[in-house]
Amino acid sequence: MFSKTPTKGMRDFLPEEFRFRQKVLEIIQSTYEKYGFSRIATPSVENIDLLCSKQGGDNEKLIYKILKRGEKLERAEEGKMCDLGLRYDLTVPLARFFANNQGQLPSVFKAMQMDYVWRADRPQRGRYRQFMQCDIDILGEESNIAEIDLITATMQALKNLGFNGITVKISDRRLLTAIANKCGFEKEIHDKVFIILDKLDKIGIGDVMNEIEEIAPGKSVAFVDMLNRILHSDNALQTAIDELGEELSPSVSENLRQIIAVTNNTVTNGKVVFDVTLVRGMGYYTGTIYEISLDGLDISAGGGGRYDEMIGKIAGTKVPACGFSIGFERIVLLLSERGAKIGGQRNATALVIPKKCTDKQYCDIMDYAQHHRTNGTEVSIVKRIKNFAFQLKQLREQGFDLIYEYRENGELVKID
């Protein structure tokens, strides 16, 4: 017999679960539309060369690859048996989409995507192998109005879902590079240094120092001392600027300062704070990076950053780009655990009809249902069963707030 359970890390959704997810998506989409973002869609499958173009960081190790078909597979050389793969995020496909359709799009394009992605990851709480991503991106805008727009829109979407006390952590890849240079790390090991730094909240400052010492003997003390001075400062961003001096471009520090000041003046359900330990794992980030932290969730609830070089690798011309992605599955998990009611009443009516009806009765029933559907009511026609009490219980559990019974004499009776 076949297994009845879904593939590990993937899920079935019962009607009420799916309805809840759709309501959450509708709130997010309607919020983003108010900020001028337009929804697009790209294929679930992309060419394997694009997916393995060294732009997706560690996620490239998690690609679900698709074998070549027919004679192409038979003739394929060892190691070249796949030509397609399932997308692991929405950003790499967006870059291809923009390069392909640039002539039909405005010079500054605000894109919204809500779709499934796939990663051969280890499933855990809030992490799945098939999951929904909700992305907004601004392509063609080089100034920090893009970051400000993305952060405020995302925090407003979360506010509309009932989330308050949100913290958005922000930093810049160029600031991390300045720290690495200031501490004397060779360029070849910068990424290793950043990976270790990213583990600070999990392993502590002592183990960070030990791991740094292993890859760069004699340089861990200066690195950790600088981190401690920044982390324990009353103004972490200013301390980082003072520590780095000429190593950090004034434009980087001014961008961070302005983004933090403007967004904190705008949002009402949280704050934006500088975090020197923020790294973000994707290999395509070139500037600002940010991440959402929510109470009750011990993993990130979303993040993003600036990736000014990705589209140019495909289009041949440099296009500035910046994006923010909400961790949809984690948001839904928190909302469900909190018993959140999203979307209010369904305005749904169940119409219970006899087992057998004449043509005339069927026409009356359909006329009633169509009339109310036209006026915005959800109407489901169901046949009466012998255990009527059990049937009523099931209908109410499905969310039908009004139940009518159509009787054989043509009378319509409301069931309390």
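## Side-chain contacts

Lys360 is exposed, its relative accessible area being 56% (buried means under 20% relative accessible area, exposed over 50%, partly exposed in between, with a 1.4 Å probe and protein chains only). The model is a predicted one, in which local features need pLDDT of at least 70 and side-chain atom pairs count only at pLDDT 80 or more, while totals for chains, interfaces and linings use all residues. Residues are numbered from 1 along each chain as its sequence is written, and side-chain values use heavy atoms, with hydrogens and water left out.

Lys360 meets the side chain of Asp364 in a salt bridge, a term that stands for a side-chain nitrogen of Lys or Arg within 4 Å of a carboxyl oxygen of Asp or Glu. Because Asp364 and Lys360 are four residues apart in helix α14 (residues 359–374), about one helical turn separates them; helices (H or I, at least four residues) and strands (E, at least two) are DSSP runs, numbered from the N terminus. Asp364 itself counts as partly exposed, at 30% relative accessibility.

The structure holds 20 salt bridges, and the table gives the N to O distance for pairs including this one.

| Salt bridge | Closest N and O atoms |
|---|---|
| Asp308 and Arg306 | 3.0 Å |
| Arg87 and Asp115 | 3.4 Å |

The salt bridge of Arg87 with Asp115 links distant parts of the chain, 28 residues apart, with Arg87 in the loop between β4 (82–86) and α4 (91–101) and Asp115 in strand β5 (residues 109–118). Arg87 is buried, with a relative accessible area of 1%, whereas Asp115 is partly exposed at 24%. Asp308 and Arg306 are both buried. A network of salt bridges links Arg11, Arg21 and Glu329, and the charged end of Arg11 also sits over the ring of Tyr128, 3.6 Å from its centre (NZ of Lys or CZ of Arg within 6 Å of the ring centre and within 35 degrees of the ring normal).

There are four aromatic pairs, counted where the centres of Phe, Tyr or Trp rings (for Trp, its six-membered ring) lie within 6.5 Å, with planes under 30 degrees apart taken as stacked, over 60 as edge-to-face and the rest as tilted. One of them joins Phe185 and Phe223, whose ring centres are 5.5 Å apart and whose planes stand at 80°, so the pair is edge-to-face. Phe185 lies in the loop between α6 (173–182) and α7 (190–198) and Phe223 in helix α9 (residues 220–231), so the pair ties together parts that are 38 residues apart in sequence. Both Phe185 and Phe223 are buried.
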